[in-house]
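Thanks for making the time, everyone.

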Amino acid sequence: MPLLRVLHVPVACCALESLAAASALAELGVELADGLGESDPASADVMVVSGTVTHAMAATLREVHARLPDGARVVAFGACASTGGPYWDSPTVVQGIQSLFPVDRFVPGCPPRPHALVEALTDLFDDTVGRR
Amino acid sequence: MSPAEAAETSAGPLPAARRRGTLALIPDKCTSCMICVRECPDWCIHIESHTETIPAPTPRGRARTVAVLDEFVIDMGHCQHCGICVEVCPFDALAWVAQAAPAEASTAALRHDRERLAGLLPQPPRGTEGATAGNTAEEARR
């Protein structure tokens with residue numbers, strides 16, 4: 001039984017970095033589930049969005065977010081998910097996922113290092129995984 | 001070593017001198033020339049400055065106009081950490097520091113202002129990582 005279930009939504013290159021944190025997260029009792037696959041968002045404690053979110057993808061993300069249980073947190077991993085990043089003037093890119101739903105942590109970096117995700121999650125859940 | 005650190009350093013610790021964590025500013029070196037602002041591919045640097053006139057030092061001399069830095073903001077929410085600003089600064093007012101910028105609860109907090117950028121300590125030489133206490137902008141200038 002994991003301490004924390006993460007619904008990982010890989011939408012672009014930052015996902016390579018967040019997935020590289022998987023083994024370090026597993027040691028902390030954090031389980032990474034694929035948010036665009038078969039995993040059920042209803043069992044997740046936190047959703048991590050890694051990568052550039054296009055307007056074409058926004059509806060899917062909203063749908064996944066709507067299926068999260070009440071009180072689930074959201075982490076924007078990387079510059080694109082946080083603010084649009086280098087695509088700040090692109091008409092096709094969502095300028096940060098907080099325009100779609102509330103976000104609890106913004107992780108800076110293009111991409112951030114893998115352990116930045118570990119730090120963001122231990123900070124956000126300092127009463128569970130952060131305690132270890 | 002925590003699992004987080006193990007993940008970071010699984011291929012051996014990265015030499016501190018090569019680490020690109022986040023950006024720091026030495027405000028006293030900045031002349032508000034705006035070169036970094038224009039070269040930044042993300043346009044994530046914002047500078048505010050004003051000009052001051054220094055009176056002529058002698059009766060035959062001329063008054064000089066100098067730019068004075070008021071505010072220097074790097075929006076880490078947009079920054080690609082490409083280092084172009086560090087490379088192009090003719091006055092070495094920007095520098096890399098080893099520690100990464102932390103995650104924040106709002107995008108506004110990702111905008112690192114002059115005070116925050118200047119408060120980051122310059123990178124210690126390799127092997128003295130962590131021994132940053134006591135470093136000041138004054139020492140960085142040497």
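Let me begin in the loop of chain A that runs between strand S5 (105-107) and helix H5 (114-124), where A:Pro111 is placed. Please keep in mind throughout that this is a predicted model. The peptide bond leading from A:Cys110 into A:Pro111 is cis, with omega near 0°, and I point it out because most peptide bonds are trans.

Stepping back to the whole of chain A, we have 5 helices and 5 strands, and along the sequence they come in the pattern β-α-α-β-β-α-β-α-β-α. Of the 132 residues in chain A, 52% are buried. If we take the contacts in this chain between residues at least 6 apart in sequence, 78% of them join residues at least 24 apart.

Now to the cysteines, and to what a search for disulfides returns over all chains. The search covers the whole structure and finds 0 of them. A:Cys80, for one, is in no disulfide, and the nearest cysteine sulfur, which belongs to A:Cys110, is 5.9 Å away. A:Cys80 itself counts as buried, at 10% relative accessibility.

With a relative accessibility of 33%, B:Cys82 counts as partly exposed.

Staying with chain B, there are two backbone angles that I would ask you to look at with some care. B:Ser32, which sits in the loop between strand S1 (22-25) and helix H2 (35-39) of chain B, has a phi near 55°, a positive value in a residue other than glycine. This residue, B:Ser32, is also buried, with a relative accessible area of 8%. B:Trp43, in the loop between H2 and strand S2 (45-54) of chain B, likewise is not a glycine and has a positive phi, of about 55°. These angles are worth a second look because most residues other than glycine have a negative phi.

One further residue in chain B is B:Glu87, which belongs to helix H3 (residues 84-88) and is exposed, with a relative accessible area of 61%. B:Glu87 and B:Cys36 are 51 residues apart in sequence, while their C-alpha atoms are 8.8 Å apart in space.

That brings me to the interface, where 23 residues of chain B are in contact with 22 residues of chain A. The area buried between the two chains is about 1,900 Å², and carbon and sulfur atoms give 63% of it. On the side of chain B that touches chain A, the residues divide into 13 nonpolar, 6 polar and 4 charged. How many salt bridges are counted between chain B and chain A? The count is 0, whereas 5 residue pairs between these chains are in polar contact, both residues being at pLDDT 80 or more.

Terms used
Residues are numbered from 1 along each chain as its sequence is written. Chains are lettered from A and ligands numbered from 1 in the order in which they are written. This is a predicted model: local features need pLDDT of at least 70, side-chain atom pairs count only at pLDDT 80 or more; totals for chains, interfaces and linings use all residues. Side-chain values use heavy atoms; hydrogens and water are left out. A disulfide is a pair of cysteine sulfur atoms within 2.5 Å. Buried means under 20% relative accessible area, exposed over 50%, partly exposed in between (1.4 Å probe, protein chains only). Contact means heavy atoms within 4.5 Å. Buried area is the accessible area (1.4 Å probe) that two parts lose on being put together, summed over both. A salt bridge is a side-chain nitrogen of Lys or Arg within 4 Å of a carboxyl oxygen of Asp or Glu. A polar contact is a pair of N or O atoms within 3.5 Å; within protein, one must be able to donate a hydrogen and the other to accept it, and residues adjacent in sequence count only if both atoms are side-chain atoms. Ala, Val, Leu, Ile, Met, Phe, Trp, Tyr, Cys and Pro count as nonpolar, Asp, Glu, Lys and Arg as charged, and the others, Gly among them, as polar. Helices (H or I, at least four residues) and strands (E, at least two) are DSSP runs, numbered from the N terminus.
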